[in-house]
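Please read this briefing alongside the sequence and the model.

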Amino acid sequence: MNIITDPTELQRQCLAWRSQGHSIGLVPTMGYLHHGHTSLIDRARPECDRLVVSVFVNPAQFGENEDLDSYPRDFASDCSKAEAHGVDLLFAPEPGAMYEDNHATWVEVPRLGENLCGATRPIHFRGVCTVVTKLFMLTQAEVAVFGEKDWQQFAILRRMVRDLNMPVRLIGHPIVREEDGLALSSRNAYLTEAERAAAPNIRRGLLKLADKAGGGERDCAALKRFLADEYAAALPMGQVDYIEIVDPDEISPLETIARSALAAVAVRMGKARLIDNILIEV
C-alpha cells in the first residue's frame with residue numbers, strides 16, 4: 001500500500017492510473033478506523049481497479065469549541081487496517097496541504113443543510129462538501145462510498161454531485177452497529193463505561209418509534225414527543241440535540257408520514273455527540 005501526504009502527488013498518481021485505463025474508487029474518512037470504516041472499504045473494493053482511502057481530520061467541518069484537537073487519532077492502526085482490507089493508496093495530508101492560508105473557495109448545498117446537524121453546526125456541511133469536492137478532483141474517482149449513519153451528509157453529497165454534474169457514482173452503505181445496536185463511531189471512544197452502557201437506548205428508542213409509526217401513528221409531532229419521553233426515561237444522562245422526522249431526500253421536516261420518512265436524532269453523552277437514524281416506510 002502506498003502512503004501519500006502531498007495532494008499534487010496524489011493527483012499525479014491517480015491521473016496516471018486513469019491514463020492506464022484503471023478505474024478509481026474512494027472512501028473518505030477522518031481516520032481512527034473501525035469496523036464501520038472497513039465495511040465501507042470492503043464495499044468499495046470490488047467496484048474499482050484502484051482504491052484510495054483518505055485519512056484527514058478536516059478542520060473546515062469543525063466549528064468553534066468542537067473537538068478538532070481532541071478527535072481520536074491512531075495513524076499506525078489506520079495504515080494496518082487499510083492495507084489488510086486491500087487499499088492501494090492511503091492519502092493522509094496535513095491541513096496546510098489541503099487549505100492554503102488564503103483559501104477562499106467553498107462548496108455548499110445550503111437548503112439541505114439547514115436542519116438536523118446543520119442547525120447547530122452551521123459550517124459543518126460546507127466543510128464536508130468542500131473537502132469531498134477536493135478529494136474527487138484529486139483522485140479522479142469514478143465511485144465513492146459513504147456510510148448512511150451520516151444520512152444528511154450523504155443526501156447533501158448526492159445533491160452536490162447531481163447539481164454539479166460530477167462524474168462520480170456515490171454508494172451508500174448501511175449503518176454498522178455493535179451487537180447491542182449502538183452505531184459505530186470514532187467518537188464512541190469518548191464514552192465512559194456508564195455512558196456506553198446507556199448509549200444503545202438511542203437505537204432502541206428509534207426502533208420503538210418505527211413500531212409506533214408502523215402501528216398507525218402518522219403524526220410527526222406525536223412521534224417526536226413519544227421518542228423524547230423514551231429518551232428522558234432511558235437516557236437520563238443524555239442531552240438531546242434534536243429529534244426530527246424529515247423527508248429522506250430533501251431533509252425537510254414532515255408534519256405527517258405519508259410514504260417514507262427518516263427519523264433522525266443527535267444525543268450528547270458526556271463528551272460524545274452521537275447520531276443515529278431509521279428509515280420508516282409506510
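Tyr32 lies in the loop between β2 and α2, where helices (H or I, at least four residues) and strands (E, at least two) are DSSP runs numbered from the N terminus. This is a predicted model, in which local features need pLDDT of at least 70 and side-chain atom pairs count only at pLDDT 80 or more, while totals for chains, interfaces and linings use all residues. Residues are numbered from 1 along each chain as its sequence is written, and side-chain values use heavy atoms, with hydrogens and water left out.

**Backbone with positive phi**
- Most residues other than glycine have a negative phi.
- Tyr32, although not a glycine, has a positive phi of about 50°.
- Tyr32 counts as partly exposed because its relative accessible area is 30% (buried means under 20%, exposed over 50%, and partly exposed in between, with a 1.4 Å probe and protein chains only).
- Leu116, in the loop between α4 (95-98) and α5 (117-120), also has a positive phi, near 50°.
- Leu116 is buried, since its relative accessible area is 5%.

**The annotated position**
- An unreviewed UniProt entry lists His37 for "active site"; UniProt positions are given in the numbering used here, feature names are shortened, and annotations may be inferred rather than shown by experiment.
- His37 is found in helix α2 (residues 35-44) and, with a relative accessible area of 12%, is buried.
- Leaving aside neighbours within four places in sequence, His37 is in contact (heavy atoms within 4.5 Å) with Thr29, Gly31, Tyr32 and Ser186.

- Not counting residues up to four places away in sequence, Met160 touches Val107, Val109, Cys129, Val132, Thr133, Phe136 and Met166.

- Met1 lies in the segment before β1 (2-4) and counts as partly exposed because its relative accessibility is 31%.
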